[in-house]
Amino acid sequence: MDPSNLEKQSLPEEPRFLDFPHLSDDATRDGKPLLNKYSSTITKGHDFPGAQAMLYAAGVPNVEAMKNCPHVGIASVWWEGNPCNMHLLDLGKIVKESVQKQGMLAWQYNTIGVSDAITMGGEGRDNIQLLTDGS
């Protein structure tokens, strides 16, 4: 192993973000803003058939929804061991239903349950930000 690699591993890294291809902020269809700015990269054509197959299997109902609906991630804590957030899974399901009623695809995902009374300032509270934008 190259010793310079070991040195590099101990240095802090600069934050990095993926430059994910997406529609422009002012993209429209029939005079309406397109809300599937990021998901359209995977869903609009035939470039990502594996990803599209996975999305169909997960519940995308049809081609129209696949091509046009924005995908909305809904984070919720799935931990019943804390009275402060034990209700949040059910609340997340209500949010998901509300998003779907607006014609969007809602994808609920779990995250770490944190109680400030237990962790008192631990870094775990930033996990949703880490999952959604990597920082």
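Which residues make up the largest nonpolar core? L55, V60, A65, M66, C69 and L105, 6 residues in all. By nonpolar core I mean buried Ala, Val, Leu, Ile, Met, Phe, Trp, Tyr and Cys residues joined through side-chain atoms within 4.5 Å. Buried is under 20% relative accessible area, exposed is over 50%, and partly exposed is in between, with a 1.4 Å probe and protein chains only.

Some ground rules. This is a predicted model: local features need pLDDT of at least 70, side-chain atom pairs count only at pLDDT 80 or more, and totals for chains, interfaces and linings use all residues. Numbering runs from 1 along each chain as its sequence is written, and side-chain values use heavy atoms, leaving out hydrogens and water.

Back to M66. Leaving out residues up to four places away in sequence, M66 touches T43, Q52, L55, Y56 and V60. Contact here means heavy atoms within 4.5 Å.

Next, T41. T41 sits in helix 2, residues 40–43. Helices are DSSP runs of H or I, at least four residues; strands are runs of E, at least two; both are numbered from the N terminus. T41 is buried, at 15% relative accessible area. Beyond its neighbours within four places in sequence, T41 contacts F20, P21, H22 and F48.

Now D30. D30 lies in the loop between strand 1 (28–29) and strand 2 (32–33). Buried or exposed, at 74% relative accessibility? D30 counts as exposed. Its phi is near 55°, a positive value in a residue other than glycine. Most residues other than glycine have a negative phi.
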